[in-house]
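Hi,

Here is the structure I promised to pass on.

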Amino acid sequence: MKEKIRVGVIGAGFIGPAHIESLRRLGFVEVTALATSRAESAEQKAKALSIPKAFGNYEDLLKEDLDAVEITSPNRCHFPQAKAALEAGKHVICDKPLAMDSRETKTLVELSEKTGLVTAVTFNHRFYPMVQQSKAVLDGDGLGPVYLIQGGFHQDWLLLDTDYNWRVDAKEGGAARAIGDIGTHWLDTIQFITGLEVDAVYAELKTVIPVRKKAKVAVETFAGKELKPTDYDEVAIDTDDLGIVLLKFKGADTKAVMTVSQVSAGRKCRLNYEIYCRNGSISWDSESPNQLWRGYRDKANENLIKDPALMHPSAKQSARYPGGHGEGFPDSHTHCARTIYQYIKEERYIKGEKPPFPTFKDGHTEQLLCDAILESNRKGKWISVRT
Ligand SMILES: NC(=O)c1ccc[n+]([C@@H]2O[C@H](COP(=O)([O-])OP(=O)(O)OC[C@H]3O[C@@H](n4cnc5c(N)ncnc54)[C@H](O)[C@@H]3O)[C@@H](O)[C@H]2O)c1
């Protein structure tokens, strides 16, 4: 059993500080080093976040005495950084997507198996209390076979042609953009809750804004709204703003449809699902994360307000506050981190225990799904997901 776990973080834009805050809430994890790109001052960021050591490149951070590394840099950096961190003997927690394509994600899975180190991909939506409750309900309340799943992930922060971020460039973010950036959260969440595995997809994707105006100064994620519409370069866009995807699952006659968009006015960051089973239904929406709707044919519907006292035993430990005390996005990251770092602290990987969190294998699965969705969109037909 380790008393303290020393962590280095790579990247401190939008999500890096959220990871750091989550790690600190655990109490037994110490963030001792930070690396950012040379384009911003690692020292300034580290000072603002009270991290003792700062590096302008990840290679120097990896020379530090660290147990684990958290990767919160842009997607194109994930593969070289995760590979180097595993080769340096560190456990690696990488934000999604794991890498740019399935060749890279496969290499990382193989390397993680060779090293025996702990790997994780922060598909944090699994860790909302009402998502954990959804899984417990489907596992234990006798709802019967899942007939239909519908839902998706919608945002509006890329609605205007003056909205620009590295994600819209396939060389920076990968060929699947809205699908890879947020669709993978939905796909991971649905597969986690239902235990179903996607077998085949039929997809249509669309680039609604084919030319975007890129600001001549660097802009952090979600900070673009504060810019004036001056000083832009026009850039041709070849990644998806939105997509619709039909899904088939292995060994189940379940129908599903996912819609994904980063140009849906008014939807800020909304992952939602409705799951219809023979004996009832459930529905959840990340913009009202502390409620779980349950639908019935023969009695009044229910709306469960998050309260550990009213939740399934297997789900209640994900709720850290009593009923009525809302838990949201940062809490989902904290519970994700708690699950990963408790596993590391108790050295359960040495005992061969199955990780209770998404690993690099799940990151690879999501990349294979993106490949299939892109291929289906190109060819206009159903595509089986490679394994
Ligand atoms: N799970 C989630 O909830 C969630 C939410 C947002 C972002 N993400 C993922 O997190 C990652 C980062 O996204 P973001 O929105 O925070 O991006 P961002 O652009 O806001 O921040 C990126 C950070 O990485 C640093 N960086 C860039 N190149 C680097 C390099 N070569 N070496 C070291 N640091 C480098 C930048 O200096 C910056 O600090 C992405 O992969 C994204 O998909 C996940």
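This is a predicted model: local features need pLDDT of at least 70, side-chain atom pairs count only at pLDDT 80 or more; totals for chains, interfaces and linings use all residues.

Now to Ser 50. You'll find Ser 50 in the loop that links helix H2 (42–48) to strand S3 (53–55). Its backbone is worth a glance too: phi of Ser 50 is near 55°, a positive value in a residue that isn't glycine.

Glu 347 sits in the loop between helix H10 (329–345) and helix H11 (360–379). Because it has 12 C-beta neighbours inside 10 Å, Glu 347 counts as exposed.

One more backbone detail: the peptide bond that joins Lys 96 and Pro 97 is cis, with omega at about -15°. Pro 97 belongs to the loop between strand S5 (91–94) and helix H5 (102–115).

Next, the strands. Strand S4 (residues 68–71) is covered on both faces. Ala 68 and Glu 70 are buried on one side, and Val 69 and Ile 71 are buried on the other. S4 also has partners. Strand S1 (residues 5–10) runs parallel to S4, and 4 bridges join the two; Gly 8 has Val 69 in S4 as its bridge partner. S4 and S5 pair in the parallel sense as well, over 4 bridges, with Glu 70 opposite Ile 93 in S5. If you trace the chain here, S4, helix H4 (residues 75–87) and S5 form a β-α-β unit, and that unit is right-handed.

Now zoom out to the domains. The protein chain is divided into domain 1 (5–123) and domain 2 (126–335 + 367–379). Taken over C-alpha atoms, the centres of domain 1 and domain 2 are 24 Å apart. Where they meet, 21 residues of domain 1 are in contact with 20 residues of domain 2. On the domain 1 side that touches domain 2, helix H1 (15–26), H4 and H5 each supply at least two residues. H1 gives the largest share of that side, with 5 residues. Sorted by class, the side of domain 1 that touches domain 2 has 9 nonpolar, 7 polar and 5 charged residues.

Finally, the inside. The largest nonpolar core has 94 residues, and Leu 34, Val 92, Val 201 and Ile 373 are those with the most contacts inside it. Helix H8 (residues 178–194) contributes the largest share of this core, 7 residues. The core draws at least three residues from each of domain 1 and domain 2.

Which residues does Val 201 touch, leaving aside neighbours within four places in sequence? Val 201 is in contact with Val 245, Leu 246, Leu 247, Leu 369, Ala 372, Ile 373, Ser 376, Ile 383 and Val 385. That list includes Ile 373, itself among the residues with the most contacts in the core.

That's what I have for now. Happy browsing!

Conventions: Residues are numbered from 1 along each chain as its sequence is written. A residue is buried if 20 or more other C-beta atoms lie within 10 Å of its own, exposed if 12 or fewer, and partly exposed in between; C-beta atoms are placed from the backbone. Two strands pair if DSSP finds at least two bridges between them. A crossover is right-handed if, with the strands pointing away from the viewer, the path from the first strand over the helix to the second runs clockwise. Domain bounds come from an automatic or database domain assignment. Two residues are in contact if their C-beta atoms, placed from the backbone, lie within 7 Å. Ala, Val, Leu, Ile, Met, Phe, Trp, Tyr, Cys and Pro count as nonpolar, Asp, Glu, Lys and Arg as charged, and the others, Gly among them, as polar. A nonpolar core is a set of buried Ala, Val, Leu, Ile, Met, Phe, Trp, Tyr and Cys residues joined through C-beta atoms within 7 Å.
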